[in-house]
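A loop residue follows at the end.

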Amino acid sequence: MTESTSLSPPKRELDRLDVDHVRELLGEGSPLETALPAFEYRRSQQDMAAAVAEAFRDGGELLVEAGTGTGKTLAYLIPAVLSGQRVVVSTGTKNLQEQLFYKDIPLLRKAMKVPFTACLMKGRGNYLCLTRHAQFAMQPNFRQFQEASHFDTVERWAGITKTGDRAEIPGIPDRLDFWKGISARSENCTGRDCSEFERCYVTKIRQRAAESDIIIVNHHLLFADLMVRAGSYGEVLPEYDYLILDEFHQIEDVATQYFGLIVSNVRVEDLVRDCEEAWKTRAHGKRVSQAQLQLRRLRNSGLELFESFRGRDERYRLEPKALMPAQERLRDSFVKELAKVRSELSGIPTPDEVTVSLSRRASEIEMDLLSILAASDPEAVSWCDQRERSVALRSSPIHVAPFLQASLFERKHAVVMTSATLAVDDSFEYMGSRLGVATDRCMTLPSPFDYREQALLYVARHLPPPREKAFMDEAIAEIRSLLAASRGRAFVLFTSFQNLRATKRAFEGNLPYPLLVHGDAPRGELLERFRETPGAVLLGTSSFWEGVDVMGEQLSCVIVDKLPFAVPGDPLVSARIDLVASSGGNGFADYQVPMAILSLKQGFGRLIRSKTDRGVVAILDSRVANMGYGKRFLSSLPPYRLTYDRRDVTSFFEAPRAPSA
Ligand code: SF4
């Protein structure tokens, strides 16, 4: 979104932000009580709102760990609205964005009776491009034939949508090959040269954002904006001085992705496809066939290069000067093909923003590739990331704190960072040091839930440690017993697909509960089926550890196979362990353990989502009980009743309202 001019934030003083008034609004007998049916007084929510108001007034950074059920959304939205400033609220996912915009903001508007404007803004790829859509509709060309019926749905929606946001389209899959070609990605956009510029959905959302007090984005869009600004390519978001980062525990991963480099077969394929489209509409005859030939050469050369990096490990480090001679030749020939494509582009008779952008993308791919393969930046690690259908060469910053400080903390008047999982050992030191956040202003707000009554933590300390061969068989038997006690209704969360698959093989066809397995259907569909299927058991890996909300009895048990330690052989993890060690720390104790504690806390957070939820978390990793560092895990987790005796689990489920101690 580079086409708009810079927009200054509204210059209003924070005179409307009275901390006592913020407290009153969330206090007992508050006017919100009548306006919000579900409102109940929560001391921790009130404290958080007051702290956010103070941070806005005084400036600086505020870290808040807000336990599940604290009501942190209202606690930051109320001072944000009352501040009268433009505030960007960034969440972890598009779903959370939508929940904020369509549920929380309207409630607040009704309850507070303070006029304010708000908008929901997603990345450009979510919006329909009017021009590209019209071109595609004239001559639809489906690489995946079965997608043709989905295009009919898109067509009907395109005729009535007011926002152009694809989230409105009912029943289409997340992955839709043709969507890339008709979406408003910046790579496809001719900006002000476009005849549809005024009607364009992206233009409209940008205008709305420029007029809004509250702009709701997700972390990916936020960081895309930071990167565009850093590259002096303009901006995605209008100027703002106040930022709220919800789900802040995700920021290190997102920052690593955006502050790093990546060149993959997918990126090359996108360039080739966009070039093909550009040539079709901008040149004729021999010129087009010549360009197509050149693009085929580029595609093939890229394929050969990336395939040469397929190795035994899914993720491995790329060392400096470690390319084999054959790979060096492939790299050089790929770079030559890129140069030829650039030269073809420069021969297009009427160059415009799209062709200039294509040429720039080809140059950037070359620069990024050479930089990644040189692996000479001591503050970054170069590595190869293989998936089933892609090979990506990456360079990732080992420490993101300096980037965050330079692009966020030093530039914004106030940054509020919150999540249900930020503290380790009752301290914010880990988060502060990893992300460069000052920890002089931070607070931990306990959940209002009565965990000792509502939940039981069972540690299977009799099981062998996960490294031992006997572990998996014994763990599967343990899971079976636990599911019998909970009558299904469980998430079984694994740290690896290997263990998930072993459990799936053991349970398929002989588990007396409906079995849902990560990978068998899209995540959203699996969750929907889990909610609707009585007694269902879901086997899942990392993506089910967080951001999943299942209230009520349907989810009564969460079983965790192993402590979620990051694999030390992973190139990024090992570089970070080395960095901690080189500054006098202990990579395991100061990095891997805290990171695993935060992940485990996220997994725990799936179970108790309301005051009436009850359930059991079972950890099958006996190291929690038998190793010294296990105490750090137990003391950082919510205060569940702890047992090592599985009979307590059975008693808990047999006597749901009065569990035996
Ligand atoms: S301005 Fe860009 S995104 Fe919008 S319709 Fe035109 S080409 Fe598409």
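## Helix α4

The expected span of a helix is 1.5 Å times one less than its number of residues. Helices are DSSP runs (H or I, at least four residues), numbered from the N terminus. α4 has 12 residues and spans 17 Å from its first C-alpha to its last, close to the expected 16 Å. Just after α4, Gly84 adopts a positive phi of about 70°.

This is a predicted model: local features need pLDDT of at least 70, side-chain atom pairs count only at pLDDT 80 or more, and totals for chains, interfaces and linings use all residues. Residues are numbered from 1 along each chain as its sequence is written, and side-chain values use heavy atoms, leaving out hydrogens and water.

## Packing against α5

α4 (residues 72-83) packs on α5 (residues 94-112) at about 60°, with the axes 11 Å apart. Axes are lines fitted to C-alpha atoms over the stretch in contact, and angles run from 0 to 180 degrees between N-to-C directions. The two helices are therefore oblique to each other; oblique covers what is left after under 35 degrees (roughly parallel), over 145 (roughly antiparallel) and 65 to 115 (roughly perpendicular).

Contact means heavy atoms within 4.5 Å. In α4, the residues that meet α5 include Thr73, Leu77 and Val81. Their partners in α5 include Leu100, Asp104 and Met112.

## A loop residue

Gln146 lies in the loop between α6 (130-138) and α7 (148-158). Gln146 is exposed (over 50%), at 56% relative accessible area.

Definitions and conventions: Buried < 20%, exposed > 50% of the residue type's maximum accessible area, 1.4 Å probe, protein only.
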